[in-house]
Amino acid sequence: MPGTGKLHVSEAEADALVTIRFNKRRWLMLLGTLGPGILASSAGNDAGGIATYATAGARYGYTMLWALLLITVALAMIQEMATRMGAVTGKGLSSLIRERFGLRATVFAMACLLVANVATTLADFAGVAAAAELFGVPRWVAIPIAAMGLWWLVARGNFARVERTLMGLALVFLAYVAAAFMARPDWSEVLRNAVVPTWPAPPHGVGNREHLQGYLLVLIATIGTTITPWMQFFLQASVVDKGVTIRQYGFARFDAFFGALTADLVSFFIIVATAAALFYPGLQPHALSDAASAASALVPVAGRHAGLLFGVGLLGASLLAASVVPLATAYAVCEAFGFEAGLGKDFRRAPVFLGLYTLLIIVGAVVAMLPGLPLLPLMLVAQDINGILLPVILVYMLRLVNDRRLMGVHVNGVGYNAVVWGMVVVVSVLTLAMVLTSLWPA
Amino acid sequence: MIFLSQYLNRAVRTVAGGKVGILRDVTFVTEGVFPVVSGLVLAQGRRRRLVPWADVVRVTLDTFVVRDVAAWDDLAPTERLLALDVMDSQVVDMDGAHVVRVNDLQLAWQGTRLRVVGVDIGPWGLARRLGLAPALAWMTRTLGWRPPEGLVRWDMVEPVEKQTATVRLRVSSDRLARLHPADLAEIVAELGHEQRSQVLEALDDARLADIMEEASPELQSAILDGLDEERAADVLEEMEPDEAADLLSELPEDRARGLMERMDAEDASEVRDLLAYEDGTVGALMTTSFWEVPETWTAGRALEWVRGDGATDELCSYLYAVDAAGRLSGVLSFRHVVRAEAETPLASLFPAQMVTVGAYEPAMSALEKLFHYNLLSLPVVQDDGRLLGVVGVLDALSLVHEPEEP
C-alpha cells in the first residue's frame, strides 16, 4: 500500500548487506577520528624542529636523548589534556580562556601565542629559504613565491588537499630512520643515553659557562619545538570540529598518545643520525650553520643526493607549518575575541581573520628574506621563544583542565598534574638559568 | 551612550564622601523587554558588598554615591550578575543568526532606573575594556575606515550560556525554534556541548530532526551522542528515512543497531532496507518518502490521498504509479494530476517513456540522468521493474557540493 513496504529485499538479505556497510564505516570512523593528534605532532617536526634536533645531535651527540624521552611523556599528556578538554566541553581553548579568565587574561594569552607563532612562521620561511638554497634558488626568489602561494591557497579554500600533499612531502624525513641505522651507531650507547641523564663534556677551547649557555639554548629549543603552544590550540579546535564527545573518547585519546609517540620517534632518529654522522666527542662542536651540513647526515641513505632529499623534505615540512601556523593563529585569536573566521570568507566578512593570516605570512616572509641572516640559528632561536612561552599556555591549560565546574569527573589525575606542573617549573627554571648565564659577568 | 565597562572599577562613596569600595559588578533582574539594574556589587579589600538599588543615591560616569553598604547577601533567585554572567559569554544574534561573544553591555537611564538595553559584540567594546578606545579611534581616522559598531539591541540576542539562559530559557527556546533549521544548525555547531544540550532539550523531536537533516555528519553524531537512547530513536523516526540511514551508517554498528531496535518498527525497517545499499550507490542516495499510488486509481482519488496520508512525504513533484506486484507502471507530474478531471484514470495520463535508474548503479549516474532529462526526481527500480525508491535532485546535488570548511 502507499507509503509502506516499498522495498522488496528480504529481511535476512538486508541484514547481511547492512553488516558490510557498517564494517566499512567503522574503519572510516577510526581514520576520521585519528588525525588531529597525528597532524599536530607531525607539523611539530617542521623546519624549526629539524634544525633543532639536528643541532642537538651534531653538538651534543646522544646526550640529549634522555631529555627527549621525558619531553615525549609530557607531550603525550599535554596533547591528551587538550583533546580531553575539547571532547568534554565542545569548545576551543581560546573560548575557554576567555570565558574562565576574562578579557585581560585572554589578551595576555593571545599576545604570547602571537609572539610564539610569528617566530614559528618566520622559522618556517627560513626553512623554505634553506631548502631553496640547497637547490641553488636564491631566497629572494623562493620566499615571495611560497608566501604568495600560501596566501592564495587560503583565498581559494582548497586547503585540505594541499595539506595532505605537504604532509606527504614531509614524510621524507622518515629517511632519517634509515640513515640512523645505516650510520651504524653504537646502539648500547644510544639506549644508555636515552635512559640515563648524561652531561656532555665541554669540548676543547670552550669555557664552562659558554658550554652551559649553548646547552640550555638547545635544550629549551628542543622542548619548545616538540611541545608548541599553537599545537594545543590547533588540536583542541580540531577535536571540537570533528564533533568528538567524551563518549567516543577512546579513539581520540589513542590518537593523542600515538601522535606524540610517532612524531618523537622521528625526532629521536634525527638526533641519532646527526650524532652518528657529525658529532666528534671532545672536538669543537659542529657549527651546523646551514642546511647543507644538516643534510650531510643523510649521506649514508642518499649518497650524493642527500642534499636533494633533505631539501624536498624541508620544503614540504616548512610549507606545511608556514600555512598551518598562521591559520591556527587566526582561528585562535578570532575565537577568543568573537570575530568571524573561516576559510573561503572574504575580507569584508572576516577582516581580522584574513588580516592576521596575511600579516603573519608577510612578517615571516619579509624577515626571512633579509640578506645575510643565518638561517639555522634563526630557526633555533624561534624554537627557544616557543619554549620560553610554553609555561604560560600550560598554566592556562592546567587551571582549566582542573576546573570541576568545567570538566566534572574528567579533571586531571595526580600523576598528570605532577608531570605537567613539573614541566612548567622545569622550563621556567631553565629559562631563568639561561637568562642568568648570559647576564653573569664573565 | 553608557557602557558597563565605563562604570566598573570606579570608586563608590557614601553621602558623607568617604570611599567605601570599588564597583566590580551590577546585579540585574528581567522586567519587561530590557532588564533593570537591581544593585551594585562592591569590593572592599577582599570582601564583597551588595548595595540594593534603593540605597543608591547618585550615579554619574565617575561618581557612585550610596546610602548604606550591606554585608554580602545572597542574590535573589531572579537576580543575575551582569559582568560575571553575561560579559564574555556567547549569545545568539537573532538578526544575523549566528553566535557572537559579548564584549560589553550598553546601559540607558529610564527615569531613575538603569536598564540593560544592548550588547556590544564589536571591536569597540573590546577596545573600551582594554582602555584602547582612543587608540582605535585614532587608527580608524588615520586609515579612513571605521570598523562596524557591533551594537545589538538586548531583545535581539538570545542567551545560551547556562547562567544567563536560566533567566528566560522558555522565551529563548521559543525564539530560537523559529529560526530556519539551516541557520539553527549552524548556530548549534558553534556551541559547546553543555550549551548545545540546553538549546536542544527545549526543542521538540520534529524540530530537532529538521536540524539534524541540515547538520554535517560530525555535528549529527555529536548531537546524537548528547541525547539519551529513547530521544535519539524518536528523532531518527522523525527524520527522512534516507537521512536517518546515512546518519546511522556513520555510527558504530552496535550503537546503530541499538537505536534501530528502539525505533518504531515500520520506520526502522524502512531505514534498515536503505542501509542495505553500499555507500556511493544510487540505493544509498534514494529516499522512500515519496508519492506511490496504485495504477488503477483516478486522479481525484490520488489527490485525495495526497492531501491525507501523502501530505508529509519528502518528494512531491511526481506521483509514481505501481501495479499490484509493486512494479513501476507510470510517472505522473503532479501538475498534470492536479489539472486532470477528478474521474480521469491515472493510466490515461502516463507518458510514453519513463526514465529510471537501478539501485546498485553508481550514485553519479542518477545525477547525470536528472540533469540530462531535466527531472526533479528519479525513480529507482529493481531488475524486474519493482519500485524501490526515488532520488531527489537536491540529494543528488550533495554529490558535487564540496563543503568549504576543512
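Biologist: Where in chain A is the pLDDT below 50?

Modeller: One such stretch is residues 1-9 of chain A. Beyond near neighbours in sequence, residues 1-9 have 20 contacts in the model. Residues 23-27 of chain A are also below 50. That stretch has 4 contacts beyond near neighbours in sequence. Where pLDDT is low, the predicted coordinates should not be read in detail.

Biologist: Now the inside. Which residues touch the most other members of the largest nonpolar core?

Modeller: That core has 149 residues. Those touching the most other members include A:Ile50, A:Ala126, A:Val128 and A:Ile271. Helix α15 of chain A, residues 306-337, gives the largest share of this core, 21 residues.

Biologist: Take one of them. Which residues does A:Ile271 touch?

Modeller: Leave out residues up to four places away in sequence. Then A:Ile271 touches A:Tyr53, A:Ala56, A:Gly57, A:Met64, A:Leu65 and A:Leu68.

Biologist: On to chain B. How many helices and strands does chain B have?

Modeller: Chain B has 19 helices and 21 strands.

Biologist: Is chain B a compact globule or more spread out?

Modeller: Compare its radius of gyration with the globule rule. For 406 residues the rule gives 22 Å. The radius of gyration of chain B is 30 Å, well over that value, so chain B is more spread out than a compact globule. The C-alpha atoms of chain B fill a box of roughly 95 × 50 × 45 Å, taken along the principal axes.

Biologist: What share of chain B counts as buried?

Modeller: Of its 406 residues, 42% count as buried. Now take contacts in chain B between residues at least 6 apart in sequence. Of these, 60% join residues at least 24 apart.

Biologist: How do I read a sheet? What is the order of the open sheet of 3 strands in chain B?

Modeller: Follow the strands from one side to the other. The order is β19-β20-β21, and the pairing is mixed. The edge strands are β19 (357-358) and β21 (387-392) of chain B. Each edge strand pairs on one side only.

Biologist: How many bridges join β19 to β20 in chain B?

Modeller: 2 bridges join them, and the two strands run parallel. Strand β20 covers residues 377-381 of chain B. For one bridge, find B:Gly358: its partner in β20 is B:Val381.

Note on methods. Residues numbered from 1 in each chain as written. Chains lettered and ligands numbered in written order. Predicted model: local features only at pLDDT ≥ 70, side-chain atom pairs only at ≥ 80, totals over all residues. pLDDT = per-residue confidence, 0-100. Contact = placed C-beta atoms within 7 Å. Pairing = 2+ DSSP bridges. Helix = DSSP H or I, 4+ residues; strand = E, 2+ residues; numbered from the N terminus. Rg over C-alpha atoms; globule rule 2.2 N^0.38 Å. Buried ≥ 20, exposed ≤ 12 C-beta atoms within 10 Å, placed from the backbone. Core = buried A, V, L, I, M, F, W, Y, C linked by C-beta atoms within 7 Å.
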